[in-house]
Every structure is written in C-alpha cells, then in structure tokens.
Amino acid sequence: MNALPFRLARRLPFFYGWVVVAVAFITLGFGNNIRAAFSLLYPPLLSEFGWDRAITGSIFSIGFFVAALLAPLMGWLMDRHGPQVVIAGATALVAAGLALATQADTLWQFQVTLGVMTIGGCSALAFNGHFIFLPHWFSRQRALAIGIVSAGSGLVGLIMFPWLQGMIEGVGWRQGCLIIAGLLVILVLPLNALLQRRAPADLGLRPDGDDDEGRAAARSGLRPPRIVDPAWAAKPWTLAEALCTLRFWACAIGFATAMFAWYGILVHQTKLLVDLGFEAELAAIILGLIPMLGVVGQIVLGILADRIWREWVWTISCFGFVLGCLALLALPYATDPLLVYAFAAAMGVLGYALPVVYGAIPADLFQGPHYGSIYGSLALIGSSGAAAGPFVYGALFDATRTYDGALWLTIAVAFASMAAMWIAAPRNVRRPG
C-alpha cells in the first residue's frame with residue numbers, strides 16, 4: 001500500500017475540521033456583530049422615535065428572551081438535522097428581519113423584526129449555535145478551535161461597525177440594514193448549506209483528539225489520558241439527568257451572570273460614551289475595537305485553556321468585565337480617551353475571550369448523544385441573563401440618570417460568575433487537552 005495516500009487519509013479528519021472552523025468563523029463574525037450592532041442603531045432609534053431608553057432597549061431584550069426560549073429547540077434540531085439546515089434557515093430569518101425593519105415605524109414592529117427575527121435568529125448564527133456542534137469536531141484542541149471561530153467576531157466587527165456608523169450618518173441606518181441582509185443571503189447562507197456539518201461521524205471521520213494514544217488506552221482498558229472521573233465521563237447524559245446535577249446549575253448560573261455583564265455593557269456602551277461627551281465616531285471605533293482585541297484574547301486564552309484548568313480562564317475573562325466597569329466608573333471624574341481605550345482593552349483581550357471556555361466547559365461536563373439538548377438548555381438560562389442586562393441597565397439609568405448603579409451591579413455579578421464556574425468544576429471530569 002502506498003504510504004503517502006494512507007497518511008493523507010488519516011489526516012482528513014483534521015483538515016475537514018478546519019473547514020468547519022473556517023465556515024463557522026465567517027458565520028459567527030456576521031451573526032454576533034449583527035446582534036452587537038444594535039448598540040449603533042440604539043441612538044438613532046431613540047432620536048427618531050423618542051422612546052425612553054428602557055423601552056428602546058426592550059427591542060434587544062425581547063430578541064434575546066425569544067432566543068433563550070428557543071435554545072433547547074435549537075439544540076434538539078441541531079442534533080437531528082445539523083447546522084447545514086438550522087444555521088442556513090436562521091440566516092434567511094435574520095436577513096428577512098433586517099429587511100423588514102427598514103419598513104417599521106412602531107415599537108411592536110421593531111420588537112418583531114429587529115428583536116425576534118434579527119436578534120433572536122442571530123442566536124443560531126452566533127456563539128450558541130456554533131457551540132452546540134463545534135465541540136464534536138475537536139477534543140485535544142477544542143478550546144483553540146472555539147477561540148479561532150470566536151475571533152471571527154473581532155475581525156468582522158473591525159470592518160462592520162465603522163462602516164455601519166458611516167452609513168447611519170451618511171444615508172441612514174435603513175440602507176445599512178439592507179446591505180447586511182444582502183450579504184447574509186449571498187455569502188453566509190450558501191456556505192453553511194453546502195459545507196457545514198454536525199459532527200465528524202456524519203462524514204465517516206473522527207474528531208482531532210481521537211488519537212492513537214486514546215484508542216490504545218481504550219483497547220487496553222486503561223483510563224483515557226484526559227479523563228479524571230471515568231464514571232461521569234462515560235455516562236450518556238440525557239437532559240433530565242443533567243438537570244438533577246449541581247454541575248448543570250452551577251454552569252447555568254455562571255453562564256447567566258456572565259451574559260448579564262457582557263450584554264448589559266455592550267448595548268449601552270455607545271450611549272454612555274456619547275453622554276460623557278465623546279464623539280459618536282470614537283464610540284463606534286471602540287465598539288469595533290473591543291471584538292478586534294478579543295481576537296488576541298480568544299487565540300491566546302484558547303491555547304491556554306487547552307493546557308490549564310478551564311476555571312482559571314473563565315476567571316481571567318470575567319475579571320475583564322470588572323476592569324472594564326471600573327474604567328467606565330472613572331470616566332466622569334477624568335474624561336480621558338486613555339481610559340476609554342483601557343476599557344476596550346479589558347473588555348476585548350479578557351472579557352471577549354469568554355467564548356473559548358463558554359463552548360468548551362459544557363462539552364467537558366456533558367458531551368454525548370444528547371449534548372445539543374443539554375447545551376441548548378444551558379444557553380436558555382445564559383440568554384436570560386443576556387436579555388436582562390440591557391433592560392436592567394436602561395431601567396437603572398431611567399431611575400437614577402446615571403449608569404453607576406448598573407456598573408457596580410455588573411462587578412458583583414462578574415464575581416458571582418467566577419464562583420459558580422469553580423463550583424461546576426470541569427477540571428474534576430476532564431483535563432484540558
């Protein structure tokens with residue numbers, strides 16, 4: 001037998017896994033940034049329609065709330081039909097929502113189009129949709145692969161946010177929404193329909209971490225190298241069984257509190273900076289710079305998370321929210337652009353690296369044939385925190401005319417998230433790769 005084709009055949013799982021990563025990189029870049037772009041649409045919607053901040057923020061919150069309710073269903077559908085159906089269908093929904101939003105002129109119409117269809121649909125395009133199936137493709141390099149895919153958010157955002165802000169100031173937000181909808185239909189939809197797959201087994205392949213060492217250990221009856229708790233790791237967890245464990249609820253609380261911090265800041269940061277006297281252009285640059293800096297954190301902490309306990313990387317990332325809030329709290333007393341960039345650095349390099357372990361930890365705990373339903377339920381609870389954050393920020397501002405209370409609350413919530421993930425303790429089930 002020719003040795004070269006044999007070696008190439010053995011590498012095919014590795015190569016197609018990175019095709020999956022490339023498609024996910026592009027898709028997540030669009031999905032997450034379309035959702036984040038609400039921060040740029042927020043000021044012109046306030047100006048054009050005159051609603052208060054909490055009510056306007058409800059457009060985003062309703063979208064996230066719907067995404068949360070549909071997350072278990074998305075996991076069930078992904079387990080059965082794969083991303084080539086679920087993500088492609090969600091892409092069409094998001095494109096339709098953006099296009100229809102340009103014709104909306106009442107609050108409920110925006111809640112349906114920008115909220116339910118666009119922000120809700122983006123859940124399948126962004127982190128939650130990809131974290132259901134991407135861990136199936138990687139074991140040894142799981143966190144790194146997730147980090148690379150998450151980096152798509154930063155690179156696409158670096159282009160999208162300044163461009164969209166220019167469109168808003170030049171020809172209006174409606175034209176920008178139409179162009180983004182067109183790109184989704186032309187680029188993102190066909191890539192997923194043609195190339196994306198749920199798991200290596202769908203193509204007769206194995207994940208990258210199913211290496212000779214692990215298979216040899218299995219044949220000899222020894223514990224696989226990464227397994228710390230063989231009984232837990234070998235169990236084919238169902239959703240009902242996972243719901244009865246402390247680890248599930250600790251992970252869920254960690255998700256919800258982290259997402260409260262992330263999206264509370266995200267939706268209101270542009271308005272906060274403008275209120276303090278900074279130019280809208282700088283606010284848009286910061287909105288794009290944060291996910292761009294996140295590329296650094298996602299790659300570096302992704303590599304790190306495959307070598308040290310996931311809990312340490314979660315703690316480091318959540319501490320980025322704490323430092324970011326402290327920088328924003330200091331701005332009224334020292335309106336210095338350097339503090340704005342310090343905020344961006346803390347949020348980007350540290351806070352926005354959270355996805356590398358957000359996607360890896362549940363798979364370490366509950367991977368198996370029913371993982372999509374389990375992750376979908378965790379995502380439901382996590383998304384409830386994301387939905388609550390923007391509304392609570394707006395409500396606290398409307399009551400106090402300052403964001404200080406919301407920022408101090410976010411600091412407390414970030415520390416709660418760190419504690420919850422140490423209780424979930426993925427280190428006691430599987431070691432990093």
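This report describes a helix contact, a pocket and a salt bridge in a predicted model.

## Helix 2 against helix 8

Helix 2, which covers residues 38-49, packs with helix 8, residues 173-195, at an angle of about 140°, and their axes are 11 Å apart. The two helices are therefore oblique to each other, since an angle over 145 degrees would be needed for them to count as roughly antiparallel.

On the helix 2 side the contact is made by L41, P44, L45, E48 and F49, which meet W173, R174 and C177 of helix 8. Sorted by class, this contact has 6 nonpolar and 2 charged residues, with no polar residues.

## The second largest pocket

The second largest pocket holds about 290 Å³ of space. Its lining is made up of 16 residues, of which L70, A90, L93, G121 and A124 are the closest to the centre of the pocket.

Helix 3 (53-81), helix 4 (83-101) and helix 5 (107-125) each supply at least two residues of this lining, and helix 3 gives the most, with 7 residues. In terms of class, the lining of the second largest pocket has 12 nonpolar and 4 polar residues, and no charged residues.

Side chains of opposite charge can pair when their charged atoms come close. The structure holds 6 salt bridges, and R310 forms a salt bridge with D364 in which the closest N and O atoms are 2.6 Å apart. Because R310 lies in helix 14 (residues 310-330) and D364 in helix 17 (residues 360-366), the pair ties together parts that are 54 residues apart in sequence.

Methods: Residues numbered from 1 in each chain as written. Predicted model: local features only at pLDDT ≥ 70, side-chain atom pairs only at ≥ 80, totals over all residues. Heavy atoms only, no water. Axes fitted to C-alpha atoms, helices over the stretch in contact; angles between N-to-C directions. Helix = DSSP H or I, 4+ residues; strand = E, 2+ residues; numbered from the N terminus. Parallel < 35°, antiparallel > 145°, perpendicular 65-115°, else oblique. Contact = heavy atoms within 4.5 Å. Nonpolar A, V, L, I, M, F, W, Y, C, P; charged D, E, K, R; others polar. 1 Å grid on protein atoms, 1.4 Å probe; cavity = no way out; pocket = protein on both sides within 12 Å on 5 of 7 lines; lining within 4 Å. Points joined across faces, edges and corners; volume = space filled by probe spheres on them. Salt bridge = Lys/Arg side-chain N within 4 Å of Asp/Glu carboxyl O.
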